[in-house]
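Here is a short report for a reader who is new to this structure. Please look over the sequence and the model before reading on.

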Number of protein chains: 2
Amino acid sequence: MTTRVLVVDDDAHILRAIRIHLSACGYAVRTAQTGRAALRAGAAEHPDLVLLDLGLPDLDGTAVIAELRSWSTVPIIVLSARTDGTDKINALDTGADDYLTKPFSMPELLARMRAAVRRSAAPTDRDTVVATTDFSIDLAAKKVLSRSGEQVHLTPTEWAILEILVRDRGALVSQRRLLSEIWGPAYRTETNYLRVYLAQLRRKLEPEPSRPRYLITESGMGYRFQG
Amino acid sequence: MTTRVLVVDDDAHILRAIRIHLSACGYAVRTAQTGRAALRAGAAEHPDLVLLDLGLPDLDGTAVIAELRSWSTVPIIVLSARTDGTDKINALDTGADDYLTKPFSMPELLARMRAAVRRSAAPTDRDTVVATTDFSIDLAAKKVLSRSGEQVHLTPTEWAILEILVRDRGALVSQRRLLSEIWGPAYRTETNYLRVYLAQLRRKLEPEPSRPRYLITESGMGYRFQG
DNA sequence: GGACCCCGTTAGGAATGCGTCAAGATCGGT
DNA sequence: ACCGATCTTGACGCATTCCTAACGGGGTCC
(Lines give C-alpha, C1' and ligand atoms only; values in the text may rest on other atoms or scores of the structure.)
Protein backbone atom coordinates (compact mmCIF):
# COMPACT_ATOMS: atom_id res chain seq x y z
CA MET A 1 0.00 0.00 0.00
CA THR A 2 1.62 3.17 -1.19
CA THR A 3 1.59 6.28 0.94
CA ARG A 4 -0.28 9.17 -0.61
CA VAL A 5 1.31 12.56 0.01
CA LEU A 6 -0.24 15.96 -0.61
CA VAL A 7 2.44 18.58 -1.30
CA VAL A 8 1.38 22.22 -0.97
CA ASP A 9 3.66 24.99 -2.23
CA ASP A 10 3.10 28.03 -4.40
CA ASP A 11 6.42 27.63 -6.18
CA ALA A 12 5.99 25.28 -9.13
CA HIS A 13 9.71 24.54 -9.30
CA ILE A 14 9.93 23.35 -5.74
CA LEU A 15 6.75 21.37 -6.28
CA ARG A 16 8.29 19.61 -9.25
CA ALA A 17 11.54 18.89 -7.44
CA ILE A 18 9.76 17.39 -4.45
CA ARG A 19 7.40 15.40 -6.63
CA ILE A 20 10.30 13.83 -8.50
CA HIS A 21 12.11 12.88 -5.33
CA LEU A 22 9.05 11.48 -3.60
CA SER A 23 7.82 9.57 -6.61
CA ALA A 24 11.24 7.97 -6.92
CA CYS A 25 10.90 6.83 -3.31
CA GLY A 26 7.56 5.16 -3.98
CA TYR A 27 5.17 7.81 -2.72
CA ALA A 28 2.01 8.72 -4.61
CA VAL A 29 2.19 12.49 -4.92
CA ARG A 30 -0.62 14.99 -5.31
CA THR A 31 0.14 18.72 -5.41
CA ALA A 32 -1.63 21.99 -4.71
CA GLN A 33 -0.43 25.55 -5.17
CA THR A 34 -2.94 27.41 -2.99
CA GLY A 35 -4.45 26.95 0.42
CA ARG A 36 -7.95 26.47 -0.91
CA ALA A 37 -6.77 23.89 -3.42
CA ALA A 38 -4.98 22.13 -0.58
CA LEU A 39 -8.12 21.97 1.54
CA ARG A 40 -10.13 20.68 -1.39
CA ALA A 41 -7.55 18.03 -2.20
CA GLY A 42 -7.29 17.06 1.45
CA ALA A 43 -11.02 16.51 1.70
CA ALA A 44 -11.33 14.76 -1.64
CA GLU A 45 -8.36 12.43 -1.50
CA HIS A 46 -7.66 11.80 2.18
CA PRO A 47 -3.87 11.76 1.83
CA ASP A 48 -1.74 9.88 4.35
CA LEU A 49 0.58 12.86 4.81
CA VAL A 50 0.62 16.58 4.02
CA LEU A 51 3.73 18.64 3.25
CA LEU A 52 2.76 22.26 3.65
CA ASP A 53 4.59 25.43 2.75
CA LEU A 54 3.50 28.33 4.93
CA GLY A 55 3.92 31.09 2.34
CA LEU A 56 0.76 30.61 0.32
CA PRO A 57 -0.80 33.35 -1.76
CA ASP A 58 -4.44 33.04 -0.65
CA LEU A 59 -4.56 31.77 2.91
CA ASP A 60 -2.34 31.94 5.92
CA GLY A 61 -0.54 28.66 6.47
CA THR A 62 -1.77 28.25 10.02
CA ALA A 63 -5.33 28.76 8.77
CA VAL A 64 -4.86 25.79 6.46
CA ILE A 65 -3.58 23.72 9.36
CA ALA A 66 -6.48 24.72 11.58
CA GLU A 67 -9.04 23.96 8.90
CA LEU A 68 -7.56 20.53 8.19
CA ARG A 69 -7.33 19.77 11.88
CA SER A 70 -10.98 20.59 12.37
CA TRP A 71 -11.86 17.23 10.83
CA SER A 72 -8.70 15.28 10.09
CA THR A 73 -5.75 13.86 12.01
CA VAL A 74 -3.55 13.43 8.93
CA PRO A 75 0.13 14.14 9.76
CA ILE A 76 1.19 17.61 8.61
CA ILE A 77 4.84 18.54 8.08
CA VAL A 78 5.44 22.24 7.53
CA LEU A 79 8.16 23.33 5.13
CA SER A 80 8.98 26.99 5.43
CA ALA A 81 11.55 29.54 4.45
CA ARG A 82 10.73 31.55 7.56
CA THR A 83 13.25 31.02 10.28
CA ASP A 84 11.27 33.11 12.73
CA GLY A 85 10.66 31.18 15.90
CA THR A 86 7.10 32.34 16.45
CA ASP A 87 5.98 30.95 13.09
CA LYS A 88 7.32 27.59 14.09
CA ILE A 89 5.57 27.64 17.43
CA ASN A 90 2.29 28.84 15.99
CA ALA A 91 2.31 26.16 13.34
CA LEU A 92 3.11 23.40 15.83
CA ASP A 93 0.51 24.60 18.32
CA THR A 94 -2.15 24.87 15.64
CA GLY A 95 -1.71 21.19 14.90
CA ALA A 96 1.33 20.66 12.69
CA ASP A 97 3.34 17.55 13.47
CA ASP A 98 6.76 18.77 12.38
CA TYR A 99 8.46 21.85 10.98
CA LEU A 100 11.43 22.02 8.65
CA THR A 101 13.19 25.21 7.68
CA LYS A 102 14.27 25.62 4.08
CA PRO A 103 16.74 24.75 2.85
CA PHE A 104 16.54 21.24 4.22
CA SER A 105 18.18 18.03 3.10
CA MET A 106 16.01 15.59 1.23
CA PRO A 107 17.17 12.59 3.30
CA GLU A 108 16.10 14.39 6.45
CA LEU A 109 12.69 15.21 5.01
CA LEU A 110 12.24 11.60 4.00
CA ALA A 111 13.23 10.40 7.46
CA ARG A 112 10.79 12.80 9.12
CA MET A 113 8.07 11.68 6.71
CA ARG A 114 8.71 8.06 7.62
CA ALA A 115 8.53 8.95 11.31
CA ALA A 116 5.26 10.84 10.86
CA VAL A 117 3.62 8.07 8.83
CA ARG A 118 4.82 5.37 11.22
CA ARG A 119 3.22 7.18 14.14
CA SER A 120 -0.11 7.76 12.47
CA ALA A 121 -0.32 4.24 11.06
CA ALA A 122 -0.04 2.57 14.45
CA PRO A 123 -3.42 3.02 16.07
CA THR A 124 -5.66 1.94 13.20
CA ASP A 125 -6.48 -1.52 14.45
CA ARG A 126 -10.11 -1.73 15.32
CA ASP A 127 -12.42 -4.57 14.54
CA THR A 128 -13.45 -4.46 10.92
CA VAL A 129 -16.78 -6.19 11.43
CA VAL A 130 -19.40 -4.46 13.52
CA ALA A 131 -22.48 -6.51 14.25
CA THR A 132 -25.82 -5.51 15.73
CA THR A 133 -28.90 -7.61 16.28
CA ASP A 134 -30.38 -6.35 13.03
CA PHE A 135 -27.43 -6.19 10.63
CA SER A 136 -23.66 -6.45 10.40
CA ILE A 137 -21.18 -4.12 8.77
CA ASP A 138 -17.86 -5.27 7.33
CA LEU A 139 -15.68 -2.19 7.10
CA ALA A 140 -12.86 -3.93 5.23
CA ALA A 141 -15.08 -5.57 2.65
CA LYS A 142 -17.41 -2.56 2.47
CA LYS A 143 -20.45 -4.79 2.86
CA VAL A 144 -23.61 -4.68 4.91
CA LEU A 145 -25.60 -7.82 5.66
CA SER A 146 -29.14 -7.82 6.96
CA ARG A 147 -30.24 -10.16 9.72
CA SER A 148 -31.49 -12.66 7.21
CA GLY A 149 -28.03 -12.71 5.64
CA GLU A 150 -28.95 -10.79 2.54
CA GLN A 151 -26.65 -8.09 1.35
CA VAL A 152 -27.94 -4.55 1.75
CA HIS A 153 -27.06 -2.36 -1.18
CA LEU A 154 -25.71 1.08 -0.30
CA THR A 155 -24.80 3.89 -2.67
CA PRO A 156 -21.27 5.35 -2.41
CA THR A 157 -22.41 8.38 -0.43
CA GLU A 158 -24.51 6.29 1.92
CA TRP A 159 -21.55 4.06 2.56
CA ALA A 160 -19.21 7.00 3.12
CA ILE A 161 -21.46 8.35 5.85
CA LEU A 162 -22.04 4.98 7.47
CA GLU A 163 -18.33 4.20 7.43
CA ILE A 164 -17.40 7.37 9.29
CA LEU A 165 -20.12 6.88 11.87
CA VAL A 166 -19.30 3.22 12.44
CA ARG A 167 -15.54 3.76 12.63
CA ASP A 168 -16.25 6.11 15.54
CA ARG A 169 -19.18 4.11 16.81
CA GLY A 170 -20.55 5.43 20.05
CA ALA A 171 -19.02 8.84 19.46
CA LEU A 172 -20.84 11.89 18.29
CA VAL A 173 -19.70 12.94 14.82
CA SER A 174 -20.35 16.57 13.99
CA GLN A 175 -22.22 17.34 10.81
CA ARG A 176 -19.33 19.61 9.91
CA ARG A 177 -16.93 16.71 9.94
CA LEU A 178 -19.20 14.51 7.85
CA LEU A 179 -19.75 17.25 5.29
CA SER A 180 -16.06 18.18 5.15
CA GLU A 181 -14.89 14.63 4.75
CA ILE A 182 -17.40 13.61 2.11
CA TRP A 183 -18.32 16.73 0.14
CA GLY A 184 -15.38 18.98 1.03
CA PRO A 185 -14.92 21.90 3.39
CA ALA A 186 -16.97 24.25 1.19
CA TYR A 187 -20.14 22.25 1.93
CA ARG A 188 -19.91 22.60 5.70
CA THR A 189 -23.32 24.22 5.93
CA GLU A 190 -25.30 21.96 3.60
CA THR A 191 -26.81 20.00 6.42
CA ASN A 192 -29.80 19.06 4.31
CA TYR A 193 -27.60 16.59 2.43
CA LEU A 194 -27.11 14.71 5.66
CA ARG A 195 -30.81 14.75 6.42
CA VAL A 196 -31.56 13.10 3.09
CA TYR A 197 -28.90 10.42 3.34
CA LEU A 198 -29.51 9.61 6.96
CA ALA A 199 -33.14 9.02 6.08
CA GLN A 200 -32.08 6.66 3.29
CA LEU A 201 -29.70 4.77 5.56
CA ARG A 202 -32.39 4.41 8.17
CA ARG A 203 -34.85 3.10 5.62
CA LYS A 204 -32.34 0.46 4.64
CA LEU A 205 -30.96 -0.48 8.06
CA GLU A 206 -33.31 0.41 10.88
CA PRO A 207 -36.05 -2.03 11.82
CA GLU A 208 -38.24 1.00 12.53
CA PRO A 209 -36.94 3.86 10.38
CA SER A 210 -39.21 6.39 12.03
CA ARG A 211 -37.86 5.47 15.47
CA PRO A 212 -34.09 5.12 14.89
CA ARG A 213 -32.18 2.86 17.21
CA TYR A 214 -28.74 2.84 15.61
CA LEU A 215 -28.39 6.04 13.62
CA ILE A 216 -29.08 8.60 16.30
CA THR A 217 -29.58 12.31 15.70
CA GLU A 218 -28.17 14.74 18.22
CA SER A 219 -30.03 17.87 17.36
CA GLY A 220 -27.78 20.81 16.59
CA MET A 221 -24.61 18.75 16.96
CA GLY A 222 -24.42 15.78 14.66
CA TYR A 223 -25.04 12.06 14.41
CA ARG A 224 -23.98 9.01 16.33
CA PHE A 225 -23.88 5.30 15.56
CA GLN A 226 -25.17 3.52 18.60
CA GLY A 227 -23.68 -0.02 18.57
CA MET B 1 -3.00 15.53 35.10
CA THR B 2 0.54 16.77 34.63
CA THR B 3 2.74 15.48 31.87
CA ARG B 4 5.71 13.49 33.10
CA VAL B 5 8.91 14.00 31.15
CA LEU B 6 12.06 11.92 31.31
CA VAL B 7 15.12 14.01 30.39
CA VAL B 8 18.26 12.08 29.47
CA ASP B 9 21.59 13.88 29.15
CA ASP B 10 25.08 13.23 30.49
CA ASP B 11 25.76 16.89 31.13
CA ALA B 12 24.48 17.81 34.57
CA HIS B 13 24.36 21.52 33.73
CA ILE B 14 22.11 21.07 30.74
CA LEU B 15 19.97 18.68 32.76
CA ARG B 16 19.52 21.30 35.44
CA ALA B 17 18.69 24.05 32.97
CA ILE B 18 16.07 21.96 31.21
CA ARG B 19 14.58 20.76 34.46
CA ILE B 20 14.13 24.33 35.67
CA HIS B 21 12.47 25.40 32.45
CA LEU B 22 10.15 22.42 32.23
CA SER B 23 9.17 22.52 35.88
CA ALA B 24 8.26 26.16 35.49
CA CYS B 25 5.98 25.16 32.61
CA GLY B 26 4.16 22.62 34.71
CA TYR B 27 5.88 19.43 33.63
CA ALA B 28 6.89 16.78 36.12
CA VAL B 29 10.56 16.14 35.36
CA ARG B 30 12.62 13.02 35.95
CA THR B 31 16.24 12.91 34.84
CA ALA B 32 18.83 10.30 33.88
CA GLN B 33 22.50 10.73 32.98
CA THR B 34 23.21 7.38 31.33
CA GLY B 35 21.47 5.15 28.82
CA ARG B 36 20.94 2.35 31.29
CA ALA B 37 19.49 4.71 33.87
CA ALA B 38 17.19 6.08 31.17
CA LEU B 39 15.91 2.61 30.27
CA ARG B 40 15.37 1.77 33.91
CA ALA B 41 13.49 5.02 34.52
CA GLY B 42 11.43 4.54 31.37
CA ALA B 43 10.33 1.08 32.47
CA ALA B 44 9.70 2.07 36.06
CA GLU B 45 7.87 5.34 35.57
CA HIS B 46 6.22 5.17 32.15
CA PRO B 47 6.81 8.82 31.32
CA ASP B 48 4.55 10.63 28.85
CA LEU B 49 7.53 12.00 26.91
CA VAL B 50 11.28 11.37 26.64
CA LEU B 51 13.88 14.01 25.81
CA LEU B 52 17.02 12.14 24.80
CA ASP B 53 20.54 13.36 24.19
CA LEU B 54 22.41 11.10 21.81
CA GLY B 55 25.89 11.55 23.31
CA LEU B 56 25.65 9.21 26.26
CA PRO B 57 28.69 7.63 27.91
CA ASP B 58 27.54 4.03 28.15
CA LEU B 59 25.16 3.29 25.29
CA ASP B 60 24.68 4.57 21.79
CA GLY B 61 21.68 6.85 21.59
CA THR B 62 19.96 4.88 18.87
CA ALA B 63 20.33 1.77 21.02
CA VAL B 64 18.37 3.51 23.75
CA ILE B 65 15.67 4.43 21.25
CA ALA B 66 15.47 0.90 19.90
CA GLU B 67 15.27 -0.59 23.37
CA LEU B 68 12.50 1.77 24.44
CA ARG B 69 10.61 1.18 21.22
CA SER B 70 10.66 -2.58 21.74
CA TRP B 71 7.93 -2.19 24.32
CA SER B 72 6.76 1.42 24.43
CA THR B 73 5.25 3.98 22.08
CA VAL B 74 6.15 6.93 24.30
CA PRO B 75 7.08 9.99 22.21
CA ILE B 76 10.85 10.48 22.00
CA ILE B 77 12.41 13.81 21.08
CA VAL B 78 16.14 13.64 20.42
CA LEU B 79 18.32 16.57 21.44
CA SER B 80 21.77 16.38 19.94
CA ALA B 81 24.84 18.47 19.31
CA ARG B 82 25.63 16.41 16.24
CA THR B 83 24.64 18.19 13.08
CA ASP B 84 25.55 15.20 10.96
CA GLY B 85 22.62 14.24 8.79
CA THR B 86 23.01 10.49 9.12
CA ASP B 87 22.62 10.64 12.89
CA LYS B 88 19.34 12.41 12.47
CA ILE B 89 18.07 9.91 9.95
CA ASN B 90 19.19 6.93 12.02
CA ALA B 91 17.52 8.28 15.12
CA LEU B 92 14.26 9.02 13.31
CA ASP B 93 14.21 5.65 11.57
CA THR B 94 14.95 3.81 14.79
CA GLY B 95 11.80 5.27 16.27
CA ALA B 96 12.43 8.82 17.45
CA ASP B 97 9.54 11.20 16.92
CA ASP B 98 11.50 14.40 16.50
CA TYR B 99 15.09 15.64 16.42
CA LEU B 100 16.41 19.01 17.55
CA THR B 101 19.97 20.16 17.02
CA LYS B 102 21.68 22.01 19.82
CA PRO B 103 21.61 24.85 20.39
CA PHE B 104 17.83 25.10 20.14
CA SER B 105 15.43 27.69 21.46
CA MET B 106 13.44 26.72 24.52
CA PRO B 107 10.11 27.95 23.07
CA GLU B 108 10.63 25.69 20.06
CA LEU B 109 11.39 22.71 22.25
CA LEU B 110 8.26 23.38 24.27
CA ALA B 111 6.16 23.67 21.12
CA ARG B 112 7.53 20.40 19.77
CA MET B 113 6.88 18.75 23.11
CA ARG B 114 3.28 19.94 23.04
CA ALA B 115 2.89 18.61 19.51
CA ALA B 116 4.34 15.23 20.47
CA VAL B 117 2.18 14.87 23.57
CA ARG B 118 -0.94 15.98 21.72
CA ARG B 119 -0.37 13.33 19.05
CA SER B 120 0.21 10.51 21.48
CA ALA B 121 -2.70 11.52 23.67
CA ALA B 122 -5.22 11.82 20.87
CA PRO B 123 -5.90 8.22 19.89
CA THR B 124 -6.10 6.89 23.43
CA ASP B 125 -9.32 8.23 24.81
CA ARG B 126 -8.33 7.31 28.30
CA ASP B 127 -8.06 10.80 29.68
CA THR B 128 -11.17 12.03 27.95
CA VAL B 129 -13.48 10.09 30.25
CA VAL B 130 -14.30 11.75 33.53
CA ALA B 131 -16.23 9.55 35.90
CA THR B 132 -18.02 10.33 39.13
CA THR B 133 -20.08 8.04 41.33
CA ASP B 134 -23.28 9.27 39.68
CA PHE B 135 -22.37 9.62 36.00
CA SER B 136 -19.50 9.56 33.54
CA ILE B 137 -18.60 12.05 30.85
CA ASP B 138 -16.79 11.07 27.66
CA LEU B 139 -15.37 14.27 26.22
CA ALA B 140 -14.21 12.70 22.97
CA ALA B 141 -17.45 10.88 22.20
CA LYS B 142 -19.53 13.75 23.58
CA LYS B 143 -21.49 11.29 25.65
CA VAL B 144 -22.81 11.34 29.19
CA LEU B 145 -23.86 8.12 30.89
CA SER B 146 -25.91 7.96 34.05
CA ARG B 147 -25.04 5.53 36.80
CA SER B 148 -27.50 3.01 35.44
CA GLY B 149 -25.66 3.14 32.12
CA GLU B 150 -28.32 5.05 30.27
CA GLN B 151 -27.32 7.86 28.03
CA VAL B 152 -28.17 11.36 29.23
CA HIS B 153 -29.25 13.65 26.44
CA LEU B 154 -27.74 17.13 26.46
CA THR B 155 -28.50 20.04 24.13
CA PRO B 156 -25.61 21.77 22.33
CA THR B 157 -25.48 24.66 24.80
CA GLU B 158 -25.70 22.38 27.81
CA TRP B 159 -22.87 20.32 26.41
CA ALA B 160 -20.76 23.39 25.63
CA ILE B 161 -20.98 24.57 29.23
CA LEU B 162 -20.35 21.15 30.72
CA GLU B 163 -17.37 20.58 28.43
CA ILE B 164 -15.64 23.77 29.53
CA LEU B 165 -16.26 23.09 33.19
CA VAL B 166 -15.13 19.47 33.00
CA ARG B 167 -12.03 20.23 30.93
CA ASP B 168 -10.96 22.51 33.77
CA ARG B 169 -12.45 20.33 36.46
CA GLY B 170 -11.67 21.51 39.94
CA ALA B 171 -10.90 25.02 38.76
CA LEU B 172 -13.15 28.03 39.01
CA VAL B 173 -14.42 29.14 35.61
CA SER B 174 -15.60 32.73 35.50
CA GLN B 175 -19.03 33.55 34.13
CA ARG B 176 -17.33 35.95 31.74
CA ARG B 177 -15.29 33.16 30.22
CA LEU B 178 -18.27 30.86 29.80
CA LEU B 179 -20.36 33.59 28.24
CA SER B 180 -17.72 34.82 25.82
CA GLU B 181 -16.67 31.32 24.78
CA ILE B 182 -20.18 30.13 24.05
CA TRP B 183 -22.26 33.19 23.17
CA GLY B 184 -19.47 35.58 22.19
CA PRO B 185 -17.76 38.47 23.93
CA ALA B 186 -20.80 40.73 23.49
CA TYR B 187 -22.83 38.58 25.89
CA ARG B 188 -20.42 38.88 28.79
CA THR B 189 -23.08 40.31 31.10
CA GLU B 190 -25.96 37.95 30.31
CA THR B 191 -25.41 35.88 33.41
CA ASN B 192 -29.04 34.80 33.46
CA TYR B 193 -28.30 32.49 30.51
CA LEU B 194 -25.90 30.59 32.74
CA ARG B 195 -28.40 30.36 35.55
CA VAL B 196 -30.92 28.74 33.23
CA TYR B 197 -28.53 26.23 31.71
CA LEU B 198 -26.81 25.33 34.95
CA ALA B 199 -30.23 24.53 36.37
CA GLN B 200 -30.95 22.27 33.41
CA LEU B 201 -27.61 20.52 33.74
CA ARG B 202 -28.18 19.94 37.42
CA ARG B 203 -31.63 18.55 36.77
CA LYS B 204 -30.10 16.07 34.36
CA LEU B 205 -26.93 15.16 36.25
CA GLU B 206 -27.16 15.85 39.94
CA PRO B 207 -28.74 13.22 42.18
CA GLU B 208 -30.18 16.10 44.21
CA PRO B 209 -30.50 19.07 41.86
CA SER B 210 -31.45 21.45 44.64
CA ARG B 211 -28.28 20.56 46.56
CA PRO B 212 -25.59 20.46 43.84
CA ARG B 213 -22.58 18.28 44.47
CA TYR B 214 -20.78 18.49 41.13
CA LEU B 215 -21.81 21.75 39.49
CA ILE B 216 -20.86 24.21 42.17
CA THR B 217 -21.76 27.90 42.15
CA GLU B 218 -19.17 30.35 43.40
CA SER B 219 -21.35 33.32 44.08
CA GLY B 220 -20.31 36.42 42.20
CA MET B 221 -17.41 34.59 40.56
CA GLY B 222 -18.44 31.70 38.39
CA TYR B 223 -18.90 27.95 38.41
CA ARG B 224 -16.76 24.94 39.17
CA PHE B 225 -17.01 21.25 38.32
CA GLN B 226 -16.14 19.28 41.42
CA GLY B 227 -14.89 15.82 40.32
C1' DG C 1 -35.81 45.15 59.35
C1' DG C 2 -35.39 46.82 54.67
C1' DA C 3 -33.05 47.50 50.35
C1' DC C 4 -30.31 45.64 47.72
C1' DC C 5 -27.70 41.87 44.77
C1' DC C 6 -27.12 37.42 43.07
C1' DC C 7 -28.87 33.02 42.24
C1' DG C 8 -32.42 29.19 41.16
C1' DT C 9 -36.62 27.96 38.93
C1' DT C 10 -40.26 27.95 35.71
C1' DA C 11 -42.73 28.37 31.45
C1' DG C 12 -44.11 29.70 26.88
C1' DG C 13 -43.33 31.89 22.45
C1' DA C 14 -39.59 32.54 18.96
C1' DA C 15 -36.10 30.64 16.33
C1' DT C 16 -33.71 27.10 14.64
C1' DG C 17 -33.01 22.37 13.20
C1' DC C 18 -34.81 17.91 11.54
C1' DG C 19 -37.46 14.28 8.72
C1' DT C 20 -39.82 13.59 4.67
C1' DC C 21 -41.12 13.74 -0.01
C1' DA C 22 -40.67 14.52 -4.74
C1' DA C 23 -38.99 16.53 -8.74
C1' DG C 24 -35.07 17.90 -11.59
C1' DA C 25 -29.97 17.34 -12.61
C1' DT C 26 -26.07 14.50 -13.17
C1' DC C 27 -23.42 10.54 -13.78
C1' DG C 28 -22.03 6.02 -15.76
C1' DG C 29 -22.56 2.09 -18.48
C1' DT C 30 -24.38 -0.07 -22.81
C1' DA D 1 -27.80 8.80 -27.21
C1' DC D 2 -30.41 6.29 -24.02
C1' DC D 3 -31.67 4.52 -19.44
C1' DG D 4 -31.24 3.50 -14.66
C1' DA D 5 -28.99 4.73 -10.57
C1' DT D 6 -27.45 8.32 -7.85
C1' DC D 7 -27.07 12.87 -6.36
C1' DT D 8 -28.81 17.65 -5.60
C1' DT D 9 -32.28 20.95 -4.41
C1' DG D 10 -36.37 23.06 -2.51
C1' DA D 11 -40.55 23.04 0.22
C1' DC D 12 -43.35 21.75 4.06
C1' DG D 13 -44.82 20.26 8.78
C1' DC D 14 -43.07 18.87 13.00
C1' DA D 15 -39.76 18.54 16.92
C1' DT D 16 -36.22 20.46 19.57
C1' DT D 17 -33.73 24.06 21.44
C1' DC D 18 -33.09 28.79 22.66
C1' DC D 19 -34.22 33.13 24.50
C1' DT D 20 -36.65 35.97 27.64
C1' DA D 21 -39.09 37.58 31.47
C1' DA D 22 -41.08 36.77 35.18
C1' DC D 23 -41.09 35.32 40.49
C1' DG D 24 -39.12 33.67 44.87
C1' DG D 25 -35.31 32.70 48.12
C1' DG D 26 -31.14 33.57 50.49
C1' DG D 27 -27.53 36.03 51.54
C1' DT D 28 -25.12 41.03 52.86
C1' DC D 29 -24.68 45.72 54.12
C1' DC D 30 -26.60 49.58 55.96
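The sections below cover a DNA strand, a pocket, some backbone details and a sheet.

## The model and DNA strand D

This is a predicted model. Start with DNA strand D. The surface near DNA strand D has ten nonpolar residues, seven polar ones and no charged ones. Sugar or phosphate accounts for 90% of them, and bases for the rest.

Some contacts can be picked out by residue. In chain A, a polar side-chain atom of Thr155(A) sits 2.6 Å from a phosphate oxygen of DNA strand D. In chain B, the side chain of Trp183(B) places an N or O atom 3.0 Å from a phosphate oxygen of DNA strand D. Which elements give two or more residues to this surface? They are α6 (156-167) and α8 (191-205) of chain A, together with α6 (156-167) and α8 (191-205) of chain B.

## The second largest pocket

Now turn to the second largest pocket. Its space is about 310 Å³. The lining consists of 18 residues. Closest to the centre are Lys88(A), Lys88(B), Tyr99(B), Thr101(B) and Glu108(B).

Both chains contribute elements to the lining. β5 (98-101) and α5 (106-121) of chain A each supply at least two residues, and so do β5 (98-101) and α5 (106-121) of chain B. By type, the lining has eight nonpolar, four polar and six charged residues.

## Cis peptide bonds

Most peptide bonds are trans. In chain A, the bond between Lys102(A) and Pro103(A) is cis, with omega about -5°. Pro103(A) lies in the loop between β5 and α5 of chain A. That brings back two elements that supply residues to the pocket lining.

Chain B has a cis bond too. It runs from Lys102(B) to Pro103(B), and omega is near -5°. Pro103(B) is found in the loop between β5 and α5 of chain B.

## Positive phi angles

Most residues other than glycine have a negative phi. Lys142(A) is not a glycine, yet its phi is positive, at about 55°. This residue lies in the loop between β7 (135-138) and β8 (143-146) of chain A. Is Lys142(A) buried, partly exposed or exposed? Its relative accessible area is 48%, so Lys142(A) counts as partly exposed.

In chain B, His46(B) also has a positive phi, near 45°. His46(B) sits in the loop between α2 (35-45) and β3 (49-53) of chain B. Its relative accessibility is 48%, so His46(B) counts as partly exposed.

## A sheet in chain A

Strands of a sheet pair through backbone hydrogen bonds. In chain A, four strands form an open sheet. Their order is β6-β7-β8-β9, and the pairing is antiparallel. β6 (129-131) and β9 (151-152) stand at the edges. Each has a single partner strand, so one side of each has no neighbour in the sheet.

Look at one pair in detail. β6(A) and β7(A) pair in the antiparallel sense over three bridges. What is the bridge partner of Val130(A) in β7(A)? The partner is Ile137(A).

Conventions
Residues numbered from 1 in each chain as written. Chains lettered and ligands numbered in written order. Predicted model: local features only at pLDDT ≥ 70, side-chain atom pairs only at ≥ 80, totals over all residues. Heavy atoms only, no water. 1 Å grid on protein atoms, 1.4 Å probe; cavity = no way out; pocket = protein on both sides within 12 Å on 5 of 7 lines; lining within 4 Å. Points joined across faces, edges and corners; volume = space filled by probe spheres on them. Nonpolar A, V, L, I, M, F, W, Y, C, P; charged D, E, K, R; others polar. Near = heavy atom within 4 Å. Polar contact = N/O pair within 3.5 Å; in protein donor to acceptor, adjacent residues only side chain to side chain. Buried < 20%, exposed > 50% of the residue type's maximum accessible area, 1.4 Å probe, protein only. Pairing = 2+ DSSP bridges.
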